Amino acid sequence: MSLNAIPYKLLTIKDIKLFRGDYFGILISIILFGPVISLFITALESNHGLWKHLTETVLGLYVANTLYLFIGVLILSAGLGISCAWFVTNFSFPGRKFLEWALILPLACPAYIIAYVYTDFLEYAGPVQGLIRGTLGFETAKDYYFPEIRSIGGAIFVMGFVLYPYVYILARTGFSNSPRSLFETASLYGENKFFRVGLPLCRPYIVAGLALVGMEVLSDFGTVEYFSIQTLTLGIFNVWIGMNSISAASQIALITFIFIVLLLFFEIKARSQQRFSETSKRFNGISHVKLRGPKSFAISLFCFIPLFLGFILPVIVLFSNVLLGLKGFDFLNIGMVLLNTIILALISTLIIIILASFSANISHFCSNKILLVFYNLSACGYAFPGTMLAVGVVVFMGFVDSFTGSIIFFSGSFMGIVFAYTVRFYAIPFGATVSGFSRIPRNLFDASSTLGHSQINTAFKITLPLIRSSVLAAAILTFVDIVKELPMTLILRPFNFETLSTYTYQFAHDELMIEASLPAFFIILCGLLPIFLVNEVMKGFFHGYKN
Amino acid sequence: MRKYILSIFVIFMMLSGQLYSGELNIYSHRQPFLINPFLNKFTEETGIKTNVVYATKGLAQRLKAEGKNSPADLILTVDIGRLYVYDDLDLLAEIKSNTLDQNIPSHLKSSDNKWFALSKRSRIIVVSDERIGAGEIFKIEDLADPKWKGKICSRPGSHVYNRALMASLILALGEERAEEWASNFVSNLARRPQGNDRAQVKAIYEGQCDIAIINNYYYGKLKYSEDPTQRKWASTVRLIFPNQGEGDRGAHINISGGGVAKHSKNKDLAISLLEFLSKESSQKMYGEINFEYPVNPMVETTDELKSWGSFRADNVNISDIAKITQTAQKIIDRTGW
């Protein structure tokens with residue numbers, strides 16, 4: 001295989017010492033990239049001239065809707081995430097301590113579940129419009145105007161309020177890690193601290209957060225299906241199922257993928273700038289500007305809104321549905337499913353974290369550009385819609401299974417599903433550990449190697465303790481994402497195996513919201529627990545610079 | 001180090017594919033809560049244990065990729081289009097069963113005995129009982145009449161049920177007239193196509209529109225819903241079985257069905273489940289659990305379904321509908337349904 005050949009040749013020519021780890025790194029990358037290659041191969045099959053039909057009819061609409069949604073969610077989540085992060089980092093106002101961590105909470109909510117909940121709540125038959133009709137005396141839908149929740153605007157609203165924490169977390173990290181002296185200089189010159197210092201310094205963090213949001217938006221299926229918005233992702237399924245053409249569907253998926261690779265490129269760029277700005281800087285403790293009077297309450301209220309709309313309100317509505325259906329739930333079964341979900345997510349997270357930190361370690365010491373690109377590419381599974389990636393995984397596992405003569409059979413096994421999660425969520429811990437590495441001064445590694453420690457030894461003794469907090473934060477994000485994951489689990493799971501997501505889906509798919517409410521509620525609870533943890537970790541992460 | 005690698009390998013082996021010999025493995029496009037009552041009864045009667053994976057899409061690709069090694073024995077789907085995909089990818093075994101031949105009429109199975117319909121559902125028109133008078137709508141074709149402008153709600157055309165309906169119109173009217181129908185129908189819509197069939201009835205109740213097309217069983221699900229508001233939605237609509245006029249083709253029906261996986265190691269067991277599903281007691285269960293019509297001509301429709309009115313079904317060969325789904329989807333794309 002030519003991919004194998006490249007590193008060997010280049011490495012010997014340039015006389016770079018190839019660590020034993022590099023072989024493992026290459027192997028991991030090839031295995032993780034397998035499903036994506038499988039999709040490429042699927043895309044090569046004939047598509048019966050469907051592109052002509054698609055470009056003439058629906059493709060323009062798909063692209064326009066996708067861009068509209070994409071830009072809308074980015075603007076909304078950037079606005080919410082950045083402004084809240086700025087206020088929380090620099091000002092003192094009532095409820096600041098509470099909001100500082102609580103603003104992360106919407107992360108625990110899968111967007112599609114929030115979409116279900118808001119539809120129930122805001123549509124004609126829901127309580128809000130009922131109240132409007134009751135108090136104002138309207139009788140039918142035609143008597144008054146109320147915005148339609150099942151629309152692009154509605155989708156932007158739902159996704160923006162659920163996804164902004166990605167931006168918030170990263171922007172907060174960025175703001176608290178910016179050198180105070182620069183802000184002091186800005187105030188001496190009477191310049192705007194936010195626009196002249198905070199924003200430019202924090203840009204790489206914000207871009208990284210937005211890239212995550214963007215990928216989530218492009219791979220979302222649940223919300224756009226429920227709102228019937230004809231985006232590229234929905235189009236993929238119309239082509240696949242409606243036209244019975246998996247090849248044309250894969251082709252559309254790959255185009256979206258290229259779009260996302262561009263985003264990833266921005267993220268990597270941003271990360272490399274981050275490295276530059278963070279070494280050898282002196283960080284003073286942050287003193288919050290004390291606000292008083294109406295101004296402080298206005299800021300409290302402002303920061304409370306995203307928390308309220310992205311978390312508190314939907315959880316209350318969901319919980320009221322749980323109470324409505326209390327008699328009908330099969331608690332024993334749901335308990336088992338909960339246990340399943342936690343075990344699966346824990347094992348997967350552990351494996352993903354180990355692999356990703358291992359590769360990040362290797363890639364940190366790798367000076368070969370081609371190998372580096374290769375390592376980074378293995379993290380691209382995040383950029384595909386889950387269902388399409390699942391198809392890639394299925395094809396790839398089928399290939400491996402036939403290759404091994406079915407001694408080990410991956411397809412439909414617990415291991416298979418763990419593998420699929422690894423392909424999809426590898427990007428999260430990989431990115432986090434790589435940036436964790438960039439904070440470690442190079443001379444520590446040199447010292448360790450001078451003292452005669454092997455690379456593995458160094459990794460355990462020096463690196464791990466130093467990057468602990470970023471690895472832990474990544475582990476928690478990965479765990480939450482796995483608990484929320486639906487489409488891959490649905491297709492790849494073993495017989496009789498349910499997770500909270502799949503269990504919720506069988507009811508939600510049929511718009512049986514009451515039956516779906518309890519497992520959906522548990523998904524959010526499952527995500528909450530580690531978020532409490534991540535916050536403790538993140539606190540250490542920000543404030544570690546004080547001393 | 002070697003010890004570690006060995007133990008990791010052993011754990012790998014333990015976690016990888018399990019063998020289910022003597023058990024029946026099912027890939028299902030029907031939700032577990034709908035299929036489980038049947039399977040439990042089957043296990044009770046025969047002692048054969050069943051294992052299920054449910055997904056709405058992707059299972060055919062999984063089966064195909066698994067090839068000869070696949071543990072799957074039986075495929076159960078809703079909608080003819082999905083069944084046909086399995087047939088098209090050559091994933092189904094040709095089976096011989098006198099019981100199935102006897103219980104399932106020939107227009108509701110594949111000509112080479114690869115798949116079989118197990119229940120029927122009719123795509124019917126529902127109208128607001130209050131706002132639409134009797135005798136105003138008789139056929140699906142009537143919904144293209146400009147007098148219904150702004151009065152119709154619909155699920156997106158790309159949904160399998162609407163796509164199959166579109167295909168049935170192509171067979172009945174020809175491609176050109178079918179497209180004309182679709183584009184007039186779309187211009188009559190009160191709102192952008194959205195929601196599932198349940199949501200259309202709700203929209204009529206809410207007064208957003210007066211007419212919609214749904215699968216008949218949704219009416220039953222709403223009528224007997226545990227949620228009192230859903231029962232209210234059902235009480236405001238009236239059912240119209242379309243195309244019942246003399247000489248007309250009858251109401252479009254779709255099916256749920258199944259087939260035996262080509263590489264099944266338990267083909268006999270798989271066939272016995274299909275036979276079980278086609279026999280009288282199971283056929284009645286389809287009506288009782290999910291308000292679907294029996295395919296077995298010897299089995300009577302449940303009283304509840306009878307009370308909704310009797311109807312004549314469009315007896316076009318169901319596989320002809322599946323063959324032209326692509327043409328149907330193209331019309332749906334062009335007309336923006």
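This is a predicted model: local features need pLDDT of at least 70, side-chain atom pairs count only at pLDDT 80 or more; totals for chains, interfaces and linings use all residues.
Colleague: Which residues of helix α12 of chain B are buried, and why are they on the same side?

Modeller: A residue counts as buried if 20 or more other C-beta atoms lie within 10 Å of its own. In α12(B), residues 280–290, that applies to B:Ser282, B:Gln283, B:Tyr286, B:Gly287 and B:Asn290. Because they cover an arc of only 150° around the axis, they lie on the same side of α12(B). An α-helix has 3.6 residues a turn, so residues three or four places apart point the same way.

Colleague: What covers those buried residues of α12(B), and which exposed residues are on the face turned away?

Modeller: The cover over the buried residues of α12(B) includes α2, β4, α9 (216–223), α11 (267–278), β9 (293–294) and α13 (303–307) of chain B. The face turned away from the buried side carries two exposed residues, B:Ser281 and B:Glu288.

Colleague: Which residue just after α12(B) takes a positive phi, and what is the value?

Modeller: Helix α12 of chain B spans residues 280–290. Just after α12(B) comes B:Phe291, with a positive phi of about 55°.

Colleague: How many of the residues of α4(B) are buried?

Modeller: The buried residues in α4(B) are B:Ile80, B:Gly81, B:Arg82, B:Leu83, B:Tyr84, B:Val85 and B:Tyr86. The helix is therefore mostly covered, given that a residue is buried if 20 or more other C-beta atoms lie within 10 Å of its own. The count for α4(B) is seven of nine.

Colleague: Which element gives the largest share of the side of domain 1 of chain B that touches domain 2 of chain B?

Modeller: Chain B is divided into domain 1 (2–120 + 254–307) and domain 2 (121–251 + 322–335). Their centres, taken over C-alpha atoms, are 29 Å apart, and the contact takes 13 residues from domain 1 and 13 residues from domain 2. On the domain 1 side, α4 and β4 (115–128) of chain B each give two or more residues. The largest share, four residues, comes from α4(B).

Colleague: Which element gives the largest share of the side of chain B that touches chain A?

Modeller: In this interface, 50 residues of chain B are in contact with 45 residues of chain A. Elements of chain B that give two or more residues include α1 (2–15), α2 (32–46), α8 (197–206) and α15 (325–335). By class, the chain B side has 17 nonpolar, 19 polar and 14 charged residues. The largest share, six residues, comes from α15(B).

Colleague: What percentage of the residues in chain A are buried?

Modeller: Chain A has 24 helices and two strands. Of its contacts between residues at least 6 apart in sequence, 84% join residues at least 24 apart. Among the 547 residues in chain A, the buried share is 52%.

Key. Residues are numbered from 1 along each chain as its sequence is written. Chains are lettered from A and ligands numbered from 1 in the order in which they are written. Two residues are in contact if their C-beta atoms, placed from the backbone, lie within 7 Å. Ala, Val, Leu, Ile, Met, Phe, Trp, Tyr, Cys and Pro count as nonpolar, Asp, Glu, Lys and Arg as charged, and the others, Gly among them, as polar. Domain bounds come from an automatic or database domain assignment. A residue is buried if 20 or more other C-beta atoms lie within 10 Å of its own, exposed if 12 or fewer, and partly exposed in between; C-beta atoms are placed from the backbone. The arc is that of the directions from the helix axis to the C-beta atoms.
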